[in-house]
Amino acid sequence: MSLLLLALAAGALTGLALGALGGGGSILAVPALIYLLGLSPVAATTASLLIVAVTSFSALLAHSRDGHVRLRTGLLFAAAGIGPAMLGAGLSGHLPAAALTAGFAVVAAV
């Protein structure tokens with residue numbers, strides 16, 4: 001299977017999980033980016049942030065039209081995560097790839 005087809009299939013599965021479940025995108029995207037598309041763990045986690053943000057936003061629009069979005073709660077939750085996300089992003093660039101992958105696996109398993 002070509003790299004393009006693998007990328008499209010993995011992207012479709014990630015988008016389906018995000019749209020239907022509201023989460024789980026990184027759990028699917030990071031391993032696909034590392035093991036199917038050959039990205040490094042740092043590059044895969046970074047790409048996953050963009051992938052999940054864009055696909056989540058598109059799902060947000062659909063759920064918002066249906067009246068299923070609590071914007072204030074979501075913004076409060078997001079605001080609480082901005083600092084820790086920036087800290088994690090800064091730290092991830094200094095971790096060995098094996099440690100980053102193992103840490104991701106632990107979080108995914110939990």
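**Exercise 1. Is V69 buried, partly exposed or exposed, and what is its relative accessible area?**

Before starting, note that this is a predicted model, in which local features need pLDDT of at least 70 and side-chain atom pairs count only at pLDDT 80 or more, while totals for chains, interfaces and linings use all residues. Residues are numbered from 1 along each chain as its sequence is written, and side-chain values use heavy atoms, with hydrogens and water left out.

*Solution.* 
- Step 1: recall the classes. Buried means under 20% relative accessible area, exposed means over 50%, and partly exposed is in between (1.4 Å probe, protein chains only).
- Step 2: V69 has a relative accessible area of 30%, so V69 is partly exposed.
- Step 3: place V69 in the chain. V69 sits in the loop between α3 and α4.

**Exercise 2. Describe the make-up of the chain.**

*Solution.* 
- Step 1: count the elements. The chain has 5 helices and 0 strands; helices (H or I, at least four residues) and strands (E, at least two) are DSSP runs, numbered from the N terminus.
- Step 2: read their order. Starting at the N terminus, they run α-α-α-α-α.
- Step 3: look at the extent. The C-alpha trace spans about 40 × 35 × 20 Å along its principal axes.
- Step 4: check burial. Of the 110 residues in the chain, 15% are buried.

**Exercise 3. Follow helix α4 from end to end.**

*Solution.* 
- Step 1: α4 covers residues 71-92, which is 22 residues.
- Step 2: from first C-alpha to last, α4 reaches 30 Å, close to the 32 Å expected at 1.5 Å a residue. The expected span is 1.5 Å times one less than the number of residues in the helix.
- Step 3: look for a bend. A kink of about 35° lies at I82, shortly before the proline P84; the bend at a residue is the angle between axes fitted to the seven residues ending there and the seven starting there.
- Step 4: G81 also lies in α4, and with a relative accessible area of 28% G81 is partly exposed.

**Exercise 4. Compare the UniProt annotation with the model.**

*Solution.* 
- Step 1: the unreviewed UniProt entry places the feature "transmembrane region" at residues 35-62 and 74-95. Such annotations may be inferred rather than shown by experiment.
- Step 2: residues 35-62 are 86% helix and 0% strand, with end C-alpha atoms 31 Å apart.
- Step 3: residues 74-95 are 86% helix and 0% strand, and their end C-alpha atoms lie 30 Å apart.

**Exercise 5. Find the nonpolar surface patch and the elements behind it.**

*Solution.* 
- Step 1: F57, L60, L61, V69, L71 and L75 form the patch, with about 530 Å² of accessible area together.
- Step 2: α3 (41-65) and α4 are the elements that give two or more residues to the patch.
- Step 3: α3 provides the largest share, 3 residues.
- Step 4: for the cut-offs, patches take residues with over 30% relative accessible area and no salt bridge, joining nonpolar side chains (Val, Leu, Ile, Met, Phe, Trp, Tyr) within 5 Å and like charges within 9 Å. A salt bridge is a side-chain nitrogen of Lys or Arg within 4 Å of a carboxyl oxygen of Asp or Glu. The areas come from the Shrake-Rupley method with a 1.4 Å probe, and for residues only the protein chains shown count as cover.
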